[in-house]
Amino acid sequence: MCGIIGYVGQKNAPDIVIDGLKKLEYRGYDSWGISIKKAKSLVITKKVGKISDFHDSDSLPKGSIAMGHTRWATNGPVTQDNAHPHTCCTGMISVVHNGIIENFQSLRKELAHHTFTSDTDTEIVAHLIEDNYKAGMDLQGAVRMALKRLEGRFAIVAMSSEYDEVVAAKKGSPLVIGVADDGYYVASDIPAFLDHTNEVIFMEDGDVARLASDLTFTDFEGTDISRQSKPISWSVEQAGLDGHPHYMIKEILEQRHTIKEAVSHSDAKILKVADMINKAKGTFFIGCGTAGKVGMVSSYMFSTIAKKHVNDVVGSEFPNYHDFLTPETLLICISQSGETADTLEAIEVAKKKGCKIVSIVNVMGSTMMRMSDEYILCNSGPEKAVCSTKATTAQMAILALLAYACAGRFEEGKRVLSRVASSIDVMLDENYLDEIQFLSKKVAGYESMYIIGRSQNYPMALEGAIKMQEVPYIHAEGFAGGELKHGPIALIQNGTPCIALVANDAVKTEILINALEIRSRGGYIIGIAPEDNDIFDFWIPVPDLGIASPIANIIPIQLMSYYTALEKNCDPDKPRNLAKSVTVK
Ligand code: G6P
């Protein structure tokens, strides 16, 4: 949610910033801007629209210091004035920001002597720095003093026309520094500068970094601190399109191998987390959006495989449970980015009660990972499309393996997951894609569709609906098969596409009957199932995976979401109004 990049070094900074913003566009894409230091002034360019549509870097001044921002609007509508960077009254200080400054209204009243040109909370920071600057502080000191006035979550990068440096600070929102021979980079996420270096420093909350001819760190009080860089294993190829037209299809197809990589952890790691779950008195699975649905499906897997009751709660609702938390409570936090504000807040609430935290995250070094007592990485490589695909199935695979480990059936779990991985690899062949693309042409003609599932496939019905909403903008809803007759069946009209998620499990007969109920009212039944059935108007085969069936069953819906979006001329990687990393509550 908003992407930031800054650079100080020997290369042409504007080129690096524009290129980096294009790689961060998944974090927000309604407007963008860049601030370039040219002699003793800052040259600022801001535009409404996607940075990927900008191909005129040559029109920008050259320079060795610059920073940029790609926006997902929170405070104030999408306008050029509201795009970042924001400046102080004189234009000598510019600021980019990711997060929310919660006390911005009171600060804005206090700063009424300044001229405001935007509706944003960010502009406050530029004016606060300006006042501190006028009081005689240097840029770093002025930024530090300004930060102390801010409440909320933020990552901030600031420049001044008078200093050959960039100052970056964070509390709550992510910032990572890239260290290279040519200079220093700071960005919201590693892919922004991965072309230049894989030597990184994950900034901690309360850090202030000064990027100049050298790199130094202090805390918000100004005390020097030391931070060491370390290499990250992500490659440029992993972060790029690798010949695919969109990240979404690239990432869907990567599931041919990512499930296997997801469960490639040491036995000791998995068994340690399983032991934490077994010893906990009260386990909560927490996630938001798609990751929340992974938590839900995992609660079914834990019931069935480990005979263990766990609670699944979406991050934003978790604070309601604070009365039930004790030091023996365990939170399993599920997140691709490891930066989702609502999940981070759940962790903060739980930590105050002394609970233990385990995170299942994809982004190494993320805030969530660092706040956790233990973590398991998804090993999926960078996920760039806004909607989550490969990280979702990786998370489900890890949680299924944990359920087996909790049940004392770890070796069996490894065999099951190995079969899941290889059968998905076989499933995703060219013919399979063609069939779903063909079906998507029909689906694209409808405004609404419904998805039904039972037991562990009920959460996948909900997740499938998210996929059809967020990418091709179809009004899709997921239901538990048994709930149809309590209302939703009234929505079925002649030809309405309805997906039935069927597995060879204890509820197979019931879900087929529910599909028949829909068909009898004119619905067009798309069966996602290991075997064909007369009830289906269209059959999408999936491997017969029993309790692990949700891992395979969601993949054809991911594909349908992608191809339907193409049919409707929607951008699959950057759906309207959404952002990949939701760093605001
Ligand atoms: C956003 C994304 C979703 C994602 C959710 C949680 O809404 O668009 O795809 O599931 O955030 O993100 P996380 O990084 O915590 O998995």
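## Residues around the ligand

In this predicted model, the shell of residues around the ligand is made up of 6 nonpolar, 7 polar and 1 charged. The shell counts 14 residues, and those that come nearest to the ligand are Thr290, Ser335, Gln336, Ser337 and Thr340.

The ligand also has a defined place in the protein surface analysis: the space that the ligand takes is the largest pocket.

## Polar contacts and burial

Of the 390 Å² that the ligand exposes when taken alone, the protein buries 90%.

Threonine 290 and glutamine 336 are also among the residues that come nearest to the ligand.

## Overall fold

The chain contains 17 helices and 25 strands. With 585 residues, the chain has a radius of gyration of 25 Å, close to the 25 Å from the globule rule, so the chain is as compact as a globular protein of that length. The C-alpha trace spans about 75 × 50 × 45 Å along its principal axes.

Most residues other than glycine have a negative phi, and most peptide bonds are trans.

Alanine 39 has a positive phi, near 50°, and is a residue other than glycine. Alanine 39 belongs to the loop between strand S2 (31–38) and strand S3 (41–48). The other feature is a cis peptide bond between histidine 84 and proline 85, with omega about 0°. Proline 85 is found in the loop that runs between strand S4 (65–71) and strand S5 (86–87).

Conventions
Residues numbered from 1 in each chain as written. Predicted model: local features only at pLDDT ≥ 70, side-chain atom pairs only at ≥ 80, totals over all residues. Heavy atoms only, no water. Near = heavy atom within 4 Å. Areas by Shrake-Rupley, 256 points an atom, 1.4 Å probe, with all protein chains shown as cover. 1 Å grid on protein atoms, 1.4 Å probe; cavity = no way out; pocket = protein on both sides within 12 Å on 5 of 7 lines; lining within 4 Å. Sits in = over half its atoms within 2 Å of the grid points. Nonpolar A, V, L, I, M, F, W, Y, C, P; charged D, E, K, R; others polar. Helix = DSSP H or I, 4+ residues; strand = E, 2+ residues; numbered from the N terminus. Rg over C-alpha atoms; globule rule 2.2 N^0.38 Å.
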